[in-house]
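Please consider the sequence and the structure together.

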Amino acid sequence: MTTAHAEQLEQMRNGAGFIAALDQSGGSTPKALAGYGVGPERYSNDAEMFELVHAMRARVITSRAFNSEQIIGAILFERTMDGEIEGRPTAEYLWEVKHVVPFLKVDQGLAEEADHAKVMKPMPELDVLLDRAVAKGIFGTKMRSVILGADPKGVEAVVSQQFEVARQIIAKGLVPIIEPEVDIHAADKAEAEELLVAALKKELDALPEDADVMLKVTIPTVDGLYSELMKHPRVVRVVALSGGYEREDANARLVRNPGLIASFSRALLEGLSDGQTQEEFDAALAATAKGVYEASVA
């Protein structure tokens, strides 16, 4: 283990703060740009669209409000990892300049729904991507599946696939964030989350003693549901997505779940606009970061 990796692992395990999810990709990119005040009339193809979203992310990362006093990690989209910020590779800039731990989103989207769940699409090029990530100084990865209801078969399929891929990622020396999102609109969300906890514990217990993983979950219906998993020796940290909850609601729910820290995407960018002056932009991001930080350390 390198010195940097050991420092990053310690920061992820015990650091006070939250993870910034800057990994919108594909279908979610136009929506993220629109929320930022950049409409489709500003770009005519995917290359121009991704250039604009990289500029948005670079503005967030270089902001004085983006710092390791509140933000301990950041999840990047592949094109963001491949890009540069102020003339330095993004992951290098994050760690060397901001002291924020870099992660990479590695999934290629969701397969069609089956058994009230959406597993990840196949990732035949994952090994190549992981090798590139290691070369660029990435610490860990993130991959998302979705559970739409309390169907044991669907939950099992999601969790089994997540851990199968996680073992491939661990073998490369990276720390995977396993993200089995439970849809906040599921009528039986609480029951689905109970099934999920049991499935996660079974897979965690089967991991070798030298394996480290993180979990990214929807903020649970039953407060404190993930407290036991936080104590599992294989779990570095349990983080939460906002999942469609408005930021204030998500923060309030986080506070009721001690130990659960935020890994927000849309909720983090709420209130930021391309048209803001740098002073306005920094102030808006600082206010957001303060609220999310306080909810994460409560």
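The questions and answers below treat the pockets, then the cavity, then the helix contacts.

The model is predicted: local features need pLDDT of at least 70, side-chain atom pairs count only at pLDDT 80 or more, and totals for chains, interfaces and linings use all residues. Residues are numbered from 1 along each chain as its sequence is written, and side-chain values use heavy atoms, with hydrogens and water left out.

Q: What is the volume of the largest pocket?
A: On a 1 Å grid over the protein atoms alone, a pocket is an open set of points with protein on both sides within 12 Å along at least five of seven lines, whereas a cavity is a set where a 1.4 Å probe fits but cannot get out. Grid points are joined across faces, edges and corners, and a volume is the space filled by probe spheres set on the points. For the largest pocket this space is about 890 Å³.

Q: Which residues lie closest to the centre of the largest pocket?
A: Lining residues have an atom within 4 Å of a point. The largest pocket is lined by 32 residues. Closest to its centre are Gln 24, Ser 28, Arg 144, Ser 265 and Arg 266.

Q: Which element gives the most residues to the lining of the largest pocket?
A: Helices (H or I, at least four residues) and strands (E, at least two) are DSSP runs, numbered from the N terminus. Two or more lining residues come from each of helix 2 (29-35), strand 7 (140-147), strand 8 (175-182), strand 11 (261-264) and helix 11 (266-269). The element that gives the most, with 3 residues, is helix 2.

Q: How many charged residues are in the lining of the largest pocket?
A: Ala, Val, Leu, Ile, Met, Phe, Trp, Tyr, Cys and Pro count as nonpolar, Asp, Glu, Lys and Arg as charged, and the others, Gly among them, as polar. The lining has 9 nonpolar and 12 polar residues, and its charged residues number 11.

Q: Which helices each supply at least two residues of the lining of the second largest pocket?
A: This pocket has a volume of about 450 Å³. Its 24 lining residues include His 5, Ile 138, Phe 139, Gly 173 and Leu 174, which lie nearest its centre. By class, the lining has 13 nonpolar, 5 polar and 6 charged residues. The helices are helix 1 (3-14) and helix 5 (90-97).

Q: Which elements give two or more residues to the lining of the largest cavity?
A: The largest cavity has a volume of about 40 Å³. Its lining consists of Glu 156, Val 159, Ser 160, Ala 199, Lys 202 and Glu 203. The elements are helix 7 and helix 8.

Q: What is the handedness of the crossing of helix 7 and helix 8?
A: Axes are lines fitted to C-alpha atoms, for helices over the stretch in contact, and angles run from 0 to 180 degrees between N-to-C directions. The axes of helix 7 (residues 152-170) and helix 8 (residues 189-205) come within 10 Å and cross at roughly 35°. A crossing is left-handed if the near helix is turned anticlockwise from the far one by less than a right angle, and right-handed if clockwise. The crossing here is right-handed.

Q: Are helix 3 and helix 5 roughly parallel or roughly antiparallel?
A: The axes of helix 3 (residues 46-62) and helix 5 come within 11 Å and cross at roughly 10°. Angles under 35 degrees count as roughly parallel, over 145 as roughly antiparallel, 65 to 115 as roughly perpendicular and the rest as oblique. Helix 3 and helix 5 are therefore roughly parallel.

Q: Which residues of helix 5 meet helix 3?
A: Contact means heavy atoms within 4.5 Å. From helix 3 come His 54, Ile 61 and Thr 62. Those of helix 5 are Thr 90, Tyr 93 and Leu 94.
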